[in-house]
Amino acid sequence: PSFEARRLCPELVFLRGDMAKYKAVSRQIFSIFTEFSPVVESLSLDEAFLDLTGTERLLGTPAEAGHRLRERVREETALPVSVGIGPVKLVAKIASAAAKPDGLLEIPPEAVHDFLGPLPVRRLFGVGPVGEKRLLERGFRLIGDLAEADPGQLEKLLGDWGRHLSRLSRGEDVREVEPESHAISYSEENTFSEDVSDREVLASTLLSHAEAVARRLRRASVRGRTVVLKWCDAKRVREGPRGYPLHTRQTTLLQATDDGAVIAREARRLLVEVGPTDPVRLIGVGVSGLDDEGSGEQLGLFSETQALGREGPEDRAALNRALDEIASRFGSGKVVRGSQGRTERAGLSHQIKRGEDPEEPG
């Protein structure tokens, strides 16, 4: 974490990122990707899966296409690109990482077993620190260990997850490249430069995040039913980048919402009732359980007017539309609620991942 880096190296110089510039370059790169395949699945600002099935007559072998793609990106942007080629997404992803910082690695189908076998289990999709610990405790250190184990035994030890890992360890990844992926949740968070225990600061920060998340929900024409409070303790409990405990608490609404005031209200309630008792370094708000704006919903017995004041739903919607218009024309932060704090948001790259416009600083 940046605050840990500053503690270890007090003279460190931090440079502000330029999300608008990153997005512009990302558009250039993805435009080049579409020259090589009509099926492009975006993973992040600078990473994607390309399905080259059926392009051999036009582009040559996958390796030839990969080399040409790298040349095109360098010509257009002067940036290096690492390319991983494999028969399935898992293998291509791992091969891309192995090809960094500026290379190409192709793993043909007959070499998948030898390629995956010596790698640590954490390289598999879905294996995080907790999952890795579970696997290590059961004697599975390498992907090859999982591939050689009996699938039934893995399922007995780990449930459905064990059966899934067994397939992945053998390079059996049935997922297709999906050119259009929809967000299943929206969230925003920030890491404070110093430990924070002041509840007013935390509450105002939550309001800022709630408003930003709500604006993104409205932009995507979706509403969410589940509000999530997330925080990271300031006290380190172990070494490594995940040494600071991360906590989440959530609540489900009777009616889906895209209103920042509603999201903030629930996040603040969670903060008071089940939130942190010690200083924190990170705090954030998320919304999941998404519904399309036009989907049917069950009406609540009590209206939001009673919960939020005298404003009715139509008034709230009109106010939000006005705030969205102001933010679109003049940038976010030009008009804010009285109790809203000024925060350095750390999740802006996620907007880029979902094809949204980065919000200009106020």
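## Helices across the sheet

In this predicted model, helix H11 (residues 199-219) lies across strands S5, S6, S7 and S8, and runs at about 155° to S5. Helix H12 (residues 260-274) lies across S6, S7 and S8, with an angle of about 140° to S7.

## The four-stranded sheet

The sheet over which H11 lies is open and consists of four strands in the order S5-S8-S6-S7, with antiparallel pairing. Strand S5 (185-196) and strand S7 (246-257) form the edges, each pairing on one side only. From one strand to the next, the twist averages 15°.

Strands of a sheet pair through backbone hydrogen bonds, in either a parallel or an antiparallel manner. Here, strand S6 (residues 222-233) and strand S8 (residues 280-292) run antiparallel and are joined by eleven bridges. Within this pairing, leucine 229 is placed opposite valine 285 of S8.

## Nonpolar cores

The largest nonpolar core comprises 26 residues, of which Leu202, Leu206, Leu217, Leu229, Ile263, Leu271 and Ile283 touch the most other members. Two or more residues are contributed by each of S5, H11, S6, H12 and S8. The greatest contribution comes from H11, with eight residues.

Apart from neighbours within four places in sequence, leucine 217 is in contact with Tyr186, Val222, Thr257, Asp258, Ile263, Val287 and Leu290. A second, separate core contains 22 residues, among them Phe115, Leu116, Val121 and Leu146.

Conventions: Residues are numbered from 1 along each chain as its sequence is written. This is a predicted model: local features need pLDDT of at least 70, side-chain atom pairs count only at pLDDT 80 or more; totals for chains, interfaces and linings use all residues. Side-chain values use heavy atoms; hydrogens and water are left out. Two strands pair if DSSP finds at least two bridges between them. Axes are lines fitted to C-alpha atoms, for helices over the stretch in contact, and angles run from 0 to 180 degrees between N-to-C directions. Contact means heavy atoms within 4.5 Å. A nonpolar core is a set of buried Ala, Val, Leu, Ile, Met, Phe, Trp, Tyr and Cys residues joined through side-chain atoms within 4.5 Å. Buried means under 20% relative accessible area, exposed over 50%, partly exposed in between (1.4 Å probe, protein chains only).
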